[in-house]
Amino acid sequence: QPLRRIASACGLYSPRSEASPSRSMSTPRPIVKPLTEPWELEQAYRLNFQTFVEEIPQHPRTSGEGERRLVDRLLPKSDAFVALAEGQVAGMVAVLGERPFSLDRKLSDLDSFLPQHRSPCEIRLLAVDPRFRGSRGGLVFSQLLSALVAHCQGKGYDLGLISAAQSQQRLYRHLGFVAFGPEVGTPEAPYRPMWLSWDRLDPDALRVVERGRRRDRVDEGSE
């Protein structure tokens with residue numbers, strides 16, 4: 001199915017963790033929405049700590065260690081989305097359209113590495129809770145991707161930038177991202193800057209985005 005090969009590339013999906021057919025059919029589709037509620041924000045902080053302190057040592061463990069929460073300084077300026085499943089935040093992603101981006105601070109000549117563009121954005125904090133990986137991870141990821149691309153295109157962004165951790169670079173290449181410039185980050189957590197224009201989006205991913213748009217139109221029509 002679309003995106004399973006992509007999700008499996010970063011450990012979000014594994015056929016061996018596939019639920020039985022009867023159970024898979026009853027698994028509810030995650031709901032992706034803008035991050036608006038205080039409890040969603042709190043769970044996003046905890047997901048950030050788990051992902052960017054414990055799994056990817058981008059930040060020292062002293063960052064929010066006592067409360068196991070990581071507050072991202074650019075999140076208030078970003079448009080953030082959460083995937084809700086079983087009454088909790090199963091995944092999230094944020095889009096920053098206001099410069100300076102985090103990559104501007106890491107690469108002083110950022111624009112010199114990029115193709116011609118009018119309105120870039122930075123895609124940040126893409127994470128899926130480990131409890132919702134396995135067979136469900138591909139579903140959470142695909143729903144987040146659909147919301148992400150629809151939002152970026154709706155805002156008129158024509159280029160998406162991302163800092164890809166080593167474990168995620170294969171995923172982003174599958175999606176159509178192009179690596180550029182030197183590695184950034186730290187020796188413990190190196191990141192590869194990458195860019196994506198929407199015409200490069202992987203066909204499987206594009207089908208998922210279009211399917212999500214059709215679902216949204218149906219949902220709007222039923223309200």
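Leu125 sits in strand β4, which covers residues 120–128; strands here are DSSP runs of E with at least two residues, helices are runs of H or I with at least four, and both are numbered from the N terminus. Leu125 has a phi near 55 degrees, a positive value in a residue other than glycine. Its relative accessibility is 11%, so Leu125 counts as buried (buried is under 20% relative accessible area, exposed over 50%, partly exposed in between, with a 1.4 Å probe and protein chains only).

The model is a predicted one, in which local features need pLDDT of at least 70, side-chain atom pairs count only at pLDDT 80 or more, and totals for chains, interfaces and linings use all residues. Residues are numbered from 1 along each chain as its sequence is written, and side-chain values use heavy atoms, with hydrogens and water left out.

Glu86 also shows a positive phi, about 55 degrees, although it is not a glycine. This residue belongs to the loop between β2 (79–85) and β3. With 55% relative accessibility, Glu86 counts as exposed. The peptide bond from Arg99 to Pro100 is cis, its omega being near 10 degrees.

As for the chain overall, there are 7 helices and 8 strands. Of its 223 residues, 47% count as buried. Taking contacts (heavy atoms within 4.5 Å) between residues at least 6 apart in sequence, 70% join residues at least 24 apart. The accessible surface, from the Shrake-Rupley method with a 1.4 Å probe and, for residues, only the protein chains shown as cover, comes to about 11,300 Å², and 50% of that belongs to carbon and sulfur atoms.
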